[in-house]
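Here are some notes to read with the model open.

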Amino acid sequence: LYARSTCTKVLYTTVPDSMRPVRSKMPPKKTPAKSKSSLKDPVKVFCRIRPVQNDNDVTCMKVLSPTTISLSTSDVGSNHRVGNCKEIQYTFKHVFDENSSQKDVFDHVALPLVENLISGKNGLLFTYGVTGSGKTYTMTGDLRNGGIMPRCLDVIFNSIAPFQANKFVFKPDKMNGFEIQNEADALLDYQNKTYSVKALRTPLRKNLSDPDLTQRTKDVTRVENVDEDNTYAIFVTYVEIYNNGVYDLLEEIPDDTIRNKQLQLKIVREDANRNMYVHSVTEIEVKSTEEAFEAFYRGQKRKRMAITTLNAESSRSHSVFTIRLVQAPLDSSGENVLQDRKAMCVSQLSLVDLAGSERTTRTKNTGQRLREAGNINNSLMTLRTCLEILRENHLQGTNKMVPYRDSKITHLFKNYFDGEGQVEMIVCVNPRIEDYDETVHVMKFAEITQEVQVTQPLSQKLDFGMTPGRRKVNQLFKQALVAKMDDRAKGDGPNSDGIGLVYCLGGQFTSLEFTEPSEDHVIKDIISILEERMNKKNLLLKDNTRQWYEFRNKLIEVEKENVLTTQGNRILQATIQQEKQKVTALESNLMSSEANVMSLKRKVEQREATCVTLKKELENEKALLSQQLLDKAKLRFMYSDKIAAYQEKSALEIQKKLKEQETEFMNHMKDQEHKLKKVKRILGKDVPTPLAKSTTNLYQMPISSEINNINAQGSSQNSKRGPAVCNPRHRRSRSAGDEHWLDHRPEAVVELGTVMQPNMKRRKSVTKLTDVKDVTGSKMSKYCLMTQEQDSSGELETRLYKGDVVPTVGGGAQVIFNDVETLKQQSPTAVPTRKRSLSVGDRKDVEAACAVALDGHKKARI
């Protein structure tokens, strides 16, 4: 490199042709195909003990060394009674006690997996334990104490940040592979993706429940053995295995489907390289840890969580967060990605947070929680069975089939146990004495897992025989071109070509050895070389002096500019101070305004809550009112049928009684006739029959004077009074004039609205028969009794009982009823009632009607 310095400290560089990157594509020299290693390593199992939350809790675990713990307890059973004490020791790769930090766990467990990931190897990490043992905290942690997952992302991006490819250069092919695109196609896909997102939906606001990532403590660790001649891209996926079904937590689905947890079930398939993967899973390309966290929190909201007896936020599914690192070498120019899929290397790190094993006797789960616990325990049991068979195949040399397909969790990670990656496990335990039984099972599972031998993975990187360091050479070449363009733009005199003088006095001296006296040309050559060197030295001194003066002048100008800039900075600082004061005043006003707005919002929320409460109360009242109306209608319908049935029953009873009375009356009349016949024979003269047998004279009402009644009652109190004797031959002369009517009506009578009214020209209206003369008067020849009642259909029915007033032998009078007139009104829109056959029972009891009409005149009878 030939270079010179100027007063502006710009390095003008020219690169010889021998060091410029060759842009012609060299034929690749590929390494042989990857073969499985014959070396095997056991699964690394680590143990982490959760700190005791309550000081009163009794522990059953003690750390003996960094790799050994002892599990000791009495034969306590369920009530912790002291019995025969026994102690069991377990050995792990490393034991993290209660004082171990998240950083310690990451450095021992996950950092080697991240280094293998960057070097092209796969990795799998499980967290296993009972519910509430700290698995999720170990995997994710919090903002201040990040877990394994955020620290893995930090280390990866710290290591490959300068060498990341642009987005969409690596594009997933939906079949567990990737395609390589050039920069133009990648930019076109990026624009299409951006425009489609803007056209379809508005950008989603950040949820207030998400943690503030600016407060997160980052891990600054980085991996050193990063190949700078490769370009890298990071893709993340997040799935959960719930009830032995695989669901994509990053799938783009509507919000209502998310709220209802209606995620689409995914299928586990095998790709062309016989690697297991989740078909059509969403792979998101991320360029920083913050982008990966946004995807993680979006999937975390869809994850199945529930409250159980042992844990307030218990995972009801196995979650798998996968980090896929795609790397491909640069071409010979060191600028673009080599467009060859065979040169691409894809490695992945799967972080699995297994759901806790549960016992129903402790959790008291029922219904959906019980079903979830059963599926969790079945999947963990399948994992244990697979590990046991793998251990048996290794120890006994058998070749039994491993039942990977019995559970999705084992089927998905089948390749790791077959030697396609390194497998590690963190066993999280709770040292409380109450969890002793579950802890024993966890320790037994850890023992089995440590004895499983897994084939060591091989690196997937390929060597194409390209010159190393081509990326750095390309960057230096670009910097030199930029410096040369700047120098030409400034135009620095004769040296504006950007090459400048070569600070060198010349090549080496020629040989000064004289072999013969006649070799004078050697001295001449030396003289010419020295003269040339002297001239070159003078030229270089002049150029050096010129550059020194130019640098001095530039330095003076820079100093002047510095003074002016200092003065301007002071003025700007004063202005900034004033603006800060204004901003402080505006912030105070803004704070007060926000406080007012918040108070108004609270009031609005209270009013809305009150409105909602009142609306609910109104709806409840309406529902109650409608229910009451419905109940009333039901009661009305039910009792209407009962009333109709009761009326039918009463009618039958009245008909029966009426028949009995008719029979008794006929028998009595026969006795009377027999007695009259005897009297007739004794007297030898005709005696008129007291009661005609005409059907029109069935009902008679004799009414005598008060004196006759009193004498009759006094003479015979215990004997029944027979019918009054009348003179049927007594007839009022028709020539005496028109008939006179005695209109007997009750006081509370409803006015008749009928068109045709009873025809009574001469009448006397009374409401009560207070005087016998009202009937025995010489002018009264007709009697009319009015009754009103309600029929079965609720309509008003008016009846007029008509009869003739006939004087009796004792000086009184009797009424012989011979006609009944019925006046009835009915609405044309009324619902017709059930028709019944007309019977004798439908006729009203005249004796009862007369008794009501006469208002207690018990002396009148039929």
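**Notes on cavities and helix packing**

1. Start with the lining of the largest cavity: α2 (135–139), α6 (289–300), β18 (318–329) and β19 (345–353) each supply at least two residues. Of these, β18 gives the most, with three residues. Helices (H or I, at least four residues) and strands (E, at least two) are DSSP runs numbered from the N terminus.

2. Bear in mind that this is a predicted model, where local features need pLDDT of at least 70, side-chain atom pairs count only at pLDDT 80 or more, and totals for chains, interfaces and linings use all residues. Residues are numbered from 1 along each chain as its sequence is written, and side-chain values use heavy atoms, with hydrogens and water left out.

3. What is the lining of the largest cavity made of, by class? It divides into seven nonpolar, four polar and two charged residues. Ala, Val, Leu, Ile, Met, Phe, Trp, Tyr, Cys and Pro count as nonpolar, Asp, Glu, Lys and Arg as charged, and the others, Gly among them, as polar.

4. On to α3 (residues 148–160) and α6: their axes come within 9 Å and cross at roughly 150°. That makes α3 roughly antiparallel to α6 (over 145 degrees; oblique is the rest once under 35, roughly parallel, and 65 to 115, roughly perpendicular, are taken out). Axes are lines fitted to C-alpha atoms, for helices over the stretch in contact, with angles from 0 to 180 degrees between N-to-C directions.

5. Where α1 (residues 102–118) meets α3, the axes come within 9 Å and cross at roughly 45°. The two helices α1 and α3 are therefore oblique to each other.
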